[in-house]
Amino acid sequence: MTSVRFVFPKPRLNELLRTPGGLPVAEAIENARKNLEAIKPTCTAELLALLELSEAGFWNLKNDFDDAALEELYAIAVKGIGAGEVCGVANVDVALTSFCDLLDHLRTLKRFDREAVGVHVRAWRLLMSSELPGAGAKQVLDGLLKVSGRYAAEVAAAV
Amino acid sequence: MALDVASRARFNLERAAVLLLDETQLGMSILVQIVTGLGAKQLYRCASLEEAKAAATEHEIDIAIVDAMAPEGKGYDFVEWLRREAQEPNCYAPVLITTAHTPASDIVRARDCGGHFIIKKPIAPIVMLERIIWVAKAGRPFLFTGTYVGPDRRFRDEGPPDGIGRRREDIARAESAAKAAAEIATHDIETPPERSAAS
């Protein structure tokens with residue numbers, strides 16, 4: 001028989017949050033925003049470095065399924081998610097999420113689609129430019145989501 | 001639960017010990033900027049599972065913000081370790097898991113590792129603050145079973161699907177409610193309302 005035990009802990013955090021002093025919500029959020037603004041240049045440099053790694057990884061891909069290579073690309077792309085917002089190119093986060101979805105689906109299906117991978121890598125480079133008009137970026141993202149969505153449907157059908 | 005970004009309500013994170021785990025410099029840097037902006041001063045920055053275990057063994061922590069660290073998902077391993085191996089009170093510490101992307105193979109692991117909340121990246125500071133306040137207040141009981149150790153995941157009672165339970169009395173109750181509603185609807189059609197209610 002499985003035994004189940006309940007414990008009712010009292011986390012200290014609740015008391016600490018209520019101690020006098022601290023910050024008003026508005027001020028704290030503004031502080032965090034300013035802090036993130038301060039790391040924008042380094043964040044952009046790191047995101048570009050990840051993009052270059054990803055481009056190199058893409059060019060080194062063989063023409064058939066290679067799980068290790070796809071995992072490596074996934075590990076690069078996943079590190080970039082979240083940085084786009086900080087760097088002022090929030091669309092990159094969406095593109096990278098689509099890229100990770102695609103790579104995860106390809107690994108699940110043990111399939112390879114060079115063009116689908118390539119279009120995500122090229123879109124990442126394109127979306128890094130803040131000069132890209134909003135409508136153009138939307139079109140790019142719609143295209144990426146269609147590509148990764150096609151494999152999502154295949155994965156769902158296979159389960 | 002949504003916090004107003006313009007709120008003047010105060011909170012104090014100054015004395016809270018915050019454990020941060022993220023293996024990437026980029027992720028850690030973003031996390032640090034957010035939590036220090038929110039007022040946290042006592043941070044344990046950990047770049048690996050081993051560092052995080054050491055920090056949780058040596059210091060009392062009030063909250064852990066742990067990146068899942070895909071594709072290996074080492075963040076989940078840390079949360080599982082914290083729940084099962086760490087000493088009190090750290091084993092009960094609120095844990096927020098941040099994730100950039102969860103591979104399909106890790107969804108169950110993410111659900112079952114014992115975290116309080118999963119936050120999807122990119123992380124907005126207001127979302128982080130909302131979740132910190134939520135996990136501090138929630139007071140969810142901890143559950144120890146053979147397969148799961150962590151906060152009780154049944155914290156939101158949304159009732160049965162479609163609002164109707166499967167017991168005989170639930171079905172009877174639903175039928176009588178439907179009948180009453182039909183009678184009211186007929187009545188409404190016959191006598192138009194005098195005034196429409198503004199919502």
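## What counts as buried

A residue is called buried if 20 or more other C-beta atoms, placed from the backbone, lie within 10 Å of its own. Strands, for their part, are DSSP runs of E with at least two residues, and helices are runs of H or I with at least four, each numbered from the N terminus.

This is a predicted model, where local features need pLDDT of at least 70, side-chain atom pairs count only at pLDDT 80 or more, and totals for chains, interfaces and linings use all residues. Residues are numbered from 1 along each chain as its sequence is written, while chains are lettered from A and ligands numbered from 1 in the order in which they are written.

## A covered strand in chain B

Let's start with strand β5 of chain B, residues 95-99: five of its five residues are buried. On one side you will find B:V95, B:I97 and B:T99, and on the other B:L96 and B:T98.

## Its neighbours

Two strands pair if DSSP finds at least two bridges between them. β5(B) pairs in the parallel sense with β4(B) (residues 63-67) over four bridges, and B:V66 has B:I97 as its bridge partner. With β6(B) (residues 117-120), β5(B) also pairs in the parallel sense over four bridges; here B:I97 stands opposite B:I118.

## Meeting chain A

Residues are in contact if their C-beta atoms, placed from the backbone, lie within 7 Å. By that rule, 50 residues of chain B touch 46 residues of chain A. α1(B) gives the most to this side of chain B, with eight residues.

Key
Buried ≥ 20, exposed ≤ 12 C-beta atoms within 10 Å, placed from the backbone. Contact = placed C-beta atoms within 7 Å.
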